[in-house]
Amino acid sequence: MVGIKEQLLKEQSLDEQLTEIREQIVDALIKSGGGHFGGSLSVVDILWILYMKILRIDKDNYHLRDRFILSKGHACIAQYVILAKLGYFDSSELANYGKYNSILEGHPNMLKTPGIDFSSGSLGQGLSIALGMSLGIKSFNADAWVVMGDGECQEGQVWEAALLASRQKIGNLKAIVDNNGYQEYGWFYDKNLCKIPVERIDEKFQSFGWKVLTVDGHDYQALEETFKEAQSFTKGPCVVIANTVKGKGYQLMEDDPIRFHCGELSESEYKKISKK
Amino acid sequence: MHCGKILSRIMDEDPDIYVLDGDLADSNGAILVHERHPDRFIMSGIAEQCMVSVAAGLSNVGAKPWVFSFAAFLCYRAYDQIRIGVSQACTNVKLVGSHAGGFTGRNGQTHAAVNDIALMASLPNIKVWSPASPGNLQYAIQQMVKDPSPAYLRLPREPLADLPSQEKEWYWLQPPQAINILATGITVHIALEIKVLLEKMNIVVGIINVNKIAPIPESLVAEVNKIGNHLVVIEDHYRVFGLANLLSVAGVNCKIHSKGWGMEFFGESGDYVDILNAYDLNPSDIAREISNLI
């Protein structure tokens, strides 16, 4: 994988790569009749920087690799596009996303898709699973990374794991929150109640004993620097709150985060927004 | 306590086994592991969902975790985590549900697990063991250690009294007769009480002790179908969707008389004998019903 990464970095800038990846995400979701546009587009910069600059994955010593879980599994098309780009499977598979007999299920399936470390889809479980992995790979000097949604952090199990990780002072567990400010429906239409999925999420993790870093989730350089800072912090668990825009890259989607949590795009809309 | 003792000895030879516990180690026997192998004992606190998922993650990177809690909290509180992290992912996670069944002592209904077999046996990949004696338990644990499949070990609150044990998934505890009782776990001892009551009426019954209840062993189905006649199935579980149902779905074609808790029972505070006599597993009642079959 190192060879492919170096090749990619030579051929295109990060901007060009991510523009292409975004197009592939939208393409794949259109072909599958719609899907989780918003959350896939908000998380993709985070994922690309992680895979290209941070995760230590060597196919010759695969069992010693850093582990990665996309706990907000509904955004998996972003991860699939990246895995295809990195050579885990042929990019022609993306056209079969979510279809019967495809190796790309609607939510990550570790038993079907190369490159998926653990299945996800039922929100809230990834942080605990990553904690288990981090305990088991400590001796390899490897890290377990997990990306969660901010809405996902409403699940109680997330905080069970946060408590235990802090008590354990686990130094090789790295969490990232794709903090895009929305969920599927939530309190968006409620006149009286707060709409933010988890208010003051940074303070909440801090109060649970975590090291908290915050970053612009679409600033490639800042992401790389912040992830490296997280990587080098080993006194306890670390979370990066990445502030993102749901639907990032397409104004139509950025303007309607509820519709595009899981929605469809008409042909005429697609023609208007496509960057091809 | 026996499970923790047996497992801690096995851990002497197997460096990959870890034990996780949900703050009940001194009630469920995991304490014996903590004392002998503190480096491989992970106290997870009162957080069963996290605990099961941590075990799934540990298993994914090569460890062999055993997760201990009361059956009620393990199976019900963490069912989605078992479904996804253990069953669907087919991880080598062993789940030990202590205090299973309707005999809860003073604890009462919140601590009763009377449909845990229904939940666990209906999850793909998960084997279910229900030993009736220390010897059965030793065999069950040894088999679970050898098999990399996920598994659920169901243990009652009452200590398991000794019985003639065989290293088999099921066996005849009393030789076959025209009417036979099939039981598992604590109900094997209830079956023995019923046998004594029936002998006073000059009725002799056979008793099958089933240690591995899911999947139902094919050899058990073949044996029961060969014998024919009546099979009285006694389980410390609701009558619905427990062992009797599993036997029926597995192809047992003789008449099954299902003895288990009725749907009016939630579990209740009380000594073993009080609960036994008050509800559907009353040995005298069952003996009388069996005598009416003759």
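Me: Which residue follows H11(B), and is its phi positive or negative?

Reply: Gly251(B) comes after H11(B), and its phi is positive, near 110 degrees. Bear in mind that this is a predicted model.

Me: How should I read the helix itself, and which of the residues of H11(B) are buried?

Reply: In an α-helix there are 3.6 residues a turn, so residues three or four places apart point the same way. In H11(B), the buried residues are Leu243(B), Ala244(B), Asn245(B), Leu246(B) and Leu247(B). The elements that cover them include H7, strand E10 (212-214), E11 and E12 of chain B.

Me: Take one pair. Are E8 and E11 of chain B parallel or antiparallel?

Reply: Strand E8 (residues 179-183) and strand E11 (residues 230-238) of chain B run in the parallel sense, paired over five bridges. Within E11(B), Val232(B) is the residue opposite Ile181(B).

Me: Which domains does the assignment give for chain B?

Reply: The assignment gives domain 1 (2-156) and domain 2 (170-293). Their centres, taken over C-alpha atoms, are 25 Å apart. Across the boundary, 26 residues of domain 1 of chain B are in contact with 25 residues of domain 2 of chain B. On the domain 1 side, helix H7 (116-121), strand E5 (127-129), helix H8 (134-146) and strand E6 (151-156) of chain B each supply at least two residues. By class, that side divides into 13 nonpolar, ten polar and three charged residues.

Me: And between chains, how many residues of chain B are in contact with chain A?

Reply: The size of an interface is often given as the accessible area lost when the parts come together. Here I can give contact counts: 21 residues of chain B are in contact with 18 residues of chain A. Helix H4 (48-60) and helix H6 (79-88) of chain B each supply at least two residues of the chain B side, and H4(B) gives the largest share, nine residues. That side has ten nonpolar, ten polar and one charged residues.

Me: How many residues are in the largest nonpolar core?

Reply: In soluble globular proteins, nonpolar side chains tend to be buried together. The largest nonpolar core here has 170 residues, and those with the most contacts inside it include Leu131(A) and Val67(B). Helix H3 (residues 37-54) of chain A gives the most to this core, ten residues. Leaving aside residues up to four places away in sequence, Leu131(A) touches residues including Ala161(A), Leu164(A), Val54(B) and Gly57(B).

Me: Why does Tyr272(B) count as partly exposed?

Reply: Tyr272(B) has 15 C-beta neighbours inside 10 Å, so it counts as partly exposed; the buried class needs 20 or more, and the exposed class 12 or fewer. Tyr272(B) lies in helix H12 (residues 272-278) of chain B. Beyond residues up to four places away in sequence, Tyr272(B) touches Phe103(B) and Glu158(B).

Technical notes: Residues are numbered from 1 along each chain as its sequence is written. Chains are lettered from A and ligands numbered from 1 in the order in which they are written. This is a predicted model: local features need pLDDT of at least 70, side-chain atom pairs count only at pLDDT 80 or more; totals for chains, interfaces and linings use all residues. Two residues are in contact if their C-beta atoms, placed from the backbone, lie within 7 Å. Helices (H or I, at least four residues) and strands (E, at least two) are DSSP runs, numbered from the N terminus. Ala, Val, Leu, Ile, Met, Phe, Trp, Tyr, Cys and Pro count as nonpolar, Asp, Glu, Lys and Arg as charged, and the others, Gly among them, as polar. Two strands pair if DSSP finds at least two bridges between them. Domain bounds come from an automatic or database domain assignment. A nonpolar core is a set of buried Ala, Val, Leu, Ile, Met, Phe, Trp, Tyr and Cys residues joined through C-beta atoms within 7 Å.
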